[in-house]
Each structure stands twice: as C-alpha cells, then as structure tokens.
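Hi everyone, thanks for making time.

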Amino acid sequence: MKPFDDMASAVVDRPRLRSLLPKEHGAYAELAVPMLAALAAGAPGASALLLAAGAWALFLAHEPALVLLGRRGERARTEHRERAVIRLRILGLAGVVLGAPGLVLAPPVVRWASLAVAALAIVFAALVALGHERSTAGEVLAAIVLAGVAFPVGLACGIDLGVAARAWLVWSLGFVAVVIPARSIGAARRLSTPVGIRVLPAGLALGIGLALWGPVFHGLELVALAPLVLSSGWLGIARPPPQRLRQIGWSIVASALLAGCVLVLAAKVRV
C-alpha cells in the first residue's frame with residue numbers, strides 16, 4: 001500500500017491552487033462602470049476597444065504583482081511564485097500588445113489623456129512598491145486612476161473633451177466619497193467617531209460639486225454625482241456592520257450604475 005500512501009501524501013502536500021484574480025472587488029466596479037458608461041456614451045471603434053482591453057489586462061496583472069511582492073503573505077509568494085511570474089508576463093504583454101495599437105489608431109488628444117492617467121498610475125505603483133496601497137491615500141488614488149481609464153477611452157469613442165473630463169471628475173469625487181467611509185467598516189473606531197466626521201466625505205464631495213456647478217459642471221453632471229454622495233452619507237450615518245459587506249458592495253455598484261446612466265445621458269444631450 002506504500003505507493004498509494006505516497007500518492008495520498010503528495011496530494012495532501014500539494015499547494016492549494018490560489019486564484020490570481022484581484023481580491024479588491026470594489027476595484028472591478030471602479031474600472032468597469034465608468035468604462036461602460038464611456039463606451040455607451042460614444043461610438044466605440046477599434047481604438048477604444050483596444051485601449052479598454054489593454055487596461056483590463058493591466059488591471060488583472062495587479063494581483064500576481066502583489067503575490068510576487070509578498071503582499072499576500074510569504075507562503076503565497078513561495079507556493080505560487082512561478083504561476084504569478086507567468087501570469088504577470090502574459091498580462092503585461094497583453095496590455096502592451098492591445099494598448100499600443102489602440103494609442104496609434106487614436107487621435108493625439110487620446111494619447112495625451114492616456115499619458116495623464118499613466119502618470120497617476122505610476123504614482124500608485126510607487127505606493128504599491130512601498131506597501132501603502134491599502135492606506136487611505138492609496139485607495140483614494142486607486143479609485144481616481146481606475147475611473148480615469150474611462151477618460152481616454154471616452155475620447156477614443158468620440159466624446160467631447162470637456163464632457164469626458166467632467167465625467168472623470170464626477171467619478172473621482174463620487175468614488176473617493178464612498179471609499180473613505182467604506183474603509184472604516186469593521187474598524188473599532190467607527191463606533192466612536194462623531195457622525196459629523198463620518199459624513200464629512202459626502203459633504204465635501206457635494207460641496208465641491210455645488211461649487212463647480214456653472215463654471216465646470218452642468219446640471220446632469222451634478223445629478224450624476226448624487227447617487228454616490230448619498231451612498232457615502234448613508235455609510236457614514238448608518239454604520240452598517242461588516243456582516244453586510246456584500247449588500248453594501250452591491251448598493252454602491254447600483255449607485256455607480258445610476259451615476260453612469262446619467263453621465264451617458266449628459267454626453268448624449270451634448271452630441
């Protein structure tokens with residue numbers, strides 16, 4: 001029976017297959033919803049689709065990079081190093097192979113917009129390398145960068161520069177307003193923080209939106225900001241328990257989808 005015992009031992013000792021997909025579920029929405037809104041608001045061609053596909057490849061490369069950096073623990077890095085290296089190479093190459101022709105086919109304004117987003121992405125990469133990606137600054141910058149991918153994609157779809165830039169500003173204000181109170185879910189300090197502090201992100205986002213109403217924002221952009229601001233305020237006031245994290249996540253996604261629909265309408269009205 002020894003051969004069978006050896007086989008059983010090998011099965012037990014084999015490292016459990018670990019998913020190399022990004023674990024931050026909110027990041028999927030921060031990338032996908034603004035991108036879908038940009039594609040729906042314009043007329044996506046080869047350039048826009050290639051840029052979008054390249055961005056997704058680079059986004060999916062984030063998890064194997066974290067494994068190799070040891071952010072998922074030393075055991076994960078030891079057991080899954082080879083898979084992570086292969087996955088990172090494939091996705092990195094795919095991002096370049098897809099994104100480069102998308103930039104070549106795009107007008108110059110798209111390339112400049114992509115450069116602006118890439119500059120912020122490099123700053124975020126530096127935070128990741130330093131181990132600060134889970135800090136407030138790291139998560140805020142991640143939300144801005146992920147939403148910003150829709151900026152060049154929207155321009156490649158033929159959306160007006162001002163409309164695309166205002167949409168990025170709406171997404172940035174809305175996502176940052178939601179990210180900050182969402183970070184405190186499950187933290188002990190959420191029970192003792194005054195309600196005025198907890199709703200401060202929502203108040204700041206709304207205040208900035210109102211201040212920009214007229215010189216920057218039009219009516220529909222301000223309306224688009226409202227669902228995410230309301231979600232942020234609800235998180236600050238209701239202080240939902242960690243057990244409701246899944247429901248909280250889906251409610252934020254629903255708010256983002258509603259905001260996206262309004263932004264699509266705003267872009268269509270100005271076509």
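Let's begin with α9 and α11, which are roughly antiparallel to each other, a label for angles over 145 degrees, while under 35 counts as roughly parallel, 65 to 115 as roughly perpendicular and the rest as oblique. Before I go on, a caveat: this is a predicted model, where local features need pLDDT of at least 70 and side-chain atom pairs count only at pLDDT 80 or more, though totals for chains, interfaces and linings use all residues. Residues are numbered from 1 along each chain as its sequence is written, and side-chain values use heavy atoms, with hydrogens and water left out.

Back to our pair. Helix α9 covers residues 161–183 and helix α11 residues 200–212; they pack at about 165°, with axes 8 Å apart. Helices here are DSSP runs (H or I, at least four residues; strands are E, at least two), numbered from the N terminus. Axes are lines fitted to C-alpha atoms, for helices over the stretch in contact, and angles run from 0 to 180 degrees between N-to-C directions.

Who touches whom? On the α9 side we have Leu-169, Leu-173, Ala-177, Ile-180 and Pro-181, and their partners in α11 include Ala-205, Ile-208 and Gly-209. Contact means heavy atoms within 4.5 Å. By class, this contact has 10 nonpolar, 1 polar and no charged residues. For the classes, Ala, Val, Leu, Ile, Met, Phe, Trp, Tyr, Cys and Pro are nonpolar, Asp, Glu, Lys and Arg charged, and the others, Gly among them, polar.

Helix α9 also packs on α2, at about 155° with axes 12 Å apart. That angle makes α2 roughly antiparallel to α9, and this crossing is right-handed. Ala-29, Glu-30, Val-33, Pro-34 and Ala-37 of α2 meet Trp-171, Phe-175 and Val-179 of α9. That contact divides into 7 nonpolar, no polar and 1 charged.

How many cavities of 30 Å³ or more does a search of the whole structure find? The search finds 1. A cavity is a set of points on a 1 Å grid over the protein atoms alone where a 1.4 Å probe fits but cannot get out, and lining residues have an atom within 4 Å of a point. The largest cavity has a volume of about 150 Å³, meaning the space filled by probe spheres set on the points, with grid points joined across faces, edges and corners.

Its lining has 17 residues, with Ala-38, Ile-159, Ala-164, Ala-167 and Trp-171 nearest the centre. Helices α2 (25–41), α8 (150–156), α9 and α13 (245–269) each supply at least two lining residues. Our friend α9 gives the largest share, 5 residues. By class, the lining is 16 nonpolar, 1 polar and no charged.

Notes:
1 Å grid on protein atoms, 1.4 Å probe; cavity = no way out; pocket = protein on both sides within 12 Å on 5 of 7 lines; lining within 4 Å. Left-handed = near helix turned anticlockwise from the far one by under 90°.
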